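Have the structure open as you read.

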Amino acid sequence: MKAQIKSELDKIYDETIENMQKMIRIPSIRNLDSKTPSASFGSAIGEALDTFLTMAADIGMRTYRDPEGYYGYAEIGPKDAQMLGIIGHVDVVPIGEEKQWTIAKPFSAEIVDNCLIGRGSLDDKGPLVINLMAIKALQAAGVEFNKRIRIVVGCAEETTWECITKYAENEEMPNIAFSPDADFPVINAEKTIHQFDMRSTNLNADYTVISSGAYNSVADNVTYIGDSVSLITTELDKLGYEYSTKDNSLTVKGKSAHSMACHLGINAISRLAQAMVKAGITSPALQFINDKIANTSNGELICGDVKDNVSGKLTLNIGNIEIINGKEKVGFDTRIPVLIDHKDIIKKYQVAIEEYQGQYIPIKLQDKLYFDENSKLVSTLMEVYKDVTGDIEAKPLSSGGGTYSRAVDNCVAFGTVFSTFYMDDSMHQPNERFELKFLSQALEIYAQAIYLLQK
């Protein structure tokens, strides 16, 4: 059967790319200004959901769309059988500054140097399409499904998770599942994710500071508007930080990265705060950032050296800031190792913020996920990965990322980034791309995994 499946996968290689491109070209960023009764998170996300479900219907899968556009699903196999779930999403994070997309436009889905470029190519539209096409190949190979195979499609994974919450309220949950929204070989440990705000008041602030990025992305730009541009740029020059100016505003440049690996980025908010404090322009929020974060990424100035031997170090990222009319709000994202009590860490954040006359406001908490590497689900997925890639030394991984695995019992993150083969993990970054040299292996891994798990 392996040979038959591989033969069918080879036939759909080009079609897989075409369908990935079709999905990537839809700018499915959350936009409540364009929401409709049938597209609660914006018209583009609604379009992406409809497009994917149409693809699934075209290969003979039964489909369902939530009337309000929170989620949808496509399934195949006996209606009364146990369910194997594949859990993904069609919403994407904002593109950041478009000029940082130096290879191709964010939603062009161009192929450059054998890479498919575009927001969502890795996170998570590309992987969803690959799994759909793997199911098509299994059908063509004559596989009779013993389980229901259901692809669950969320529409607010990058923001509020309202989609999967509503799915859980209304629908049957899978008996076993994976989410193609991380790395191969398999993620058996996901850190606790906590997002929170520092809110404070600075009635003397006669300026505006804005960076409206997502909590889970390193802020790659921040803009100051006020009368102290020259004072701040003097300090920026001393620090060697990149910026641009226009009239009474300046924009500090950084580098985007996923907050789970914020050390790979350059936080523009932190840079501006340092320069403003050095220029004598301070506030509770700016002083807190300067004193307690500066150029760090592991929260060590607040929490100390926090790590474990399963999931590594704690991370702390500044995702956004807003200082307007004397009111301040700074958004943070932290990923806490799985063997660390998250309540102790959160208390340290709260105490530190209050020391700077700020108010700690919790925004989101997703508890850790931890599967024993010898569990049936993890060991089966590891077996498939090793068999297809030949990487017999591979071990399960830990991650600071947050996938739908946390919302579904007996579910782990499985691919699609080939981290052990140095595939470029460009999720949440400019020039996000899927390296097509890995596409055939990804198709085969998912097809074999679905085939084994449904047996």
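## Where α1 meets α12

In this predicted model, the axes of helix α1 (residues 2-11) and helix α12 (residues 439-454) come within 10 Å and cross at roughly 135°. Helices here are DSSP runs of H or I with at least four residues, strands are runs of E with at least two, and both are numbered from the N terminus. Axes are lines fitted to C-alpha atoms, for helices over the stretch in contact, and angles run from 0 to 180 degrees between N-to-C directions. The two helices α1 and α12 are therefore oblique to each other; angles under 35 degrees count as roughly parallel, over 145 as roughly antiparallel, 65 to 115 as roughly perpendicular, and the rest as oblique.

Which residues make the contact (heavy atoms within 4.5 Å)? From α1 come K2, I5, K6 and L9, and they meet L443, E444, A447, Q448 and Y451 of α12. By class, this contact of α1 with α12 has five nonpolar, one polar and three charged residues. Here Ala, Val, Leu, Ile, Met, Phe, Trp, Tyr, Cys and Pro count as nonpolar, Asp, Glu, Lys and Arg as charged, and the others, Gly among them, as polar.

F52, M55 and A56 of α3 meet L128, V129 and L132 of α4. The residues of this α3 and α4 contact divide into six nonpolar, no polar and no charged.

## The three-stranded sheet

An open sheet of three strands has the order β4-β5-β24, with antiparallel pairing. Its edge strands are β4 (111-112) and β24 (433-435), each pairing on one side only. Two strands pair if DSSP finds at least two bridges between them; β5 (residues 115-117) and β24 have three, in the antiparallel sense. Within that pairing, C115 has E435 in β24 as its bridge partner. Helix α2 (residues 13-24) packs on the sheet, touching β4, β5 and β24, and its direction makes about 20° with that of β5.

## The eight-stranded sheet

Another open sheet, of eight strands, runs in the order β13-β14-β12-β11-β17-β18-β10-β19 with antiparallel pairing. Its edge strands are β13 and β19 (359-366), each of which pairs on one side only. The twist averages 20° from one strand to the next. Strands β10 (residues 192-201) and β18 (residues 327-336) are joined over 10 bridges in the antiparallel sense, and S200 has E328 in β18 as its bridge partner.

## A closer look at β14

Is strand β14 (residues 249-253) mostly covered or mostly open? It is mostly covered: five of its five residues are buried, with buried meaning under 20% relative accessible area, exposed over 50%, and partly exposed in between (1.4 Å probe, protein chains only). S249, T251 and K253 point one way from β14, while L250 and V252 point the other way.

Five bridges join β12 (residues 221-225) to β14 in antiparallel fashion, with T223 opposite T251. Four bridges join β13 (residues 243-246) to β14, also antiparallel, and K246 has S249 as its bridge partner. The β13 and β14 strands form a hairpin with two residues between them, and D247 in the turn has a positive phi of about 55°. Helix α6 (residues 229-239) lies across β12, β13 and β14, running at about 20° to β14.

## About the values

Residues are numbered from 1 along each chain as its sequence is written, and side-chain values use heavy atoms, leaving out hydrogens and water. Because the model is predicted, local features need pLDDT of at least 70 and side-chain atom pairs count only at pLDDT 80 or more, while totals for chains, interfaces and linings use all residues.

Methods
Contact = heavy atoms within 4.5 Å.
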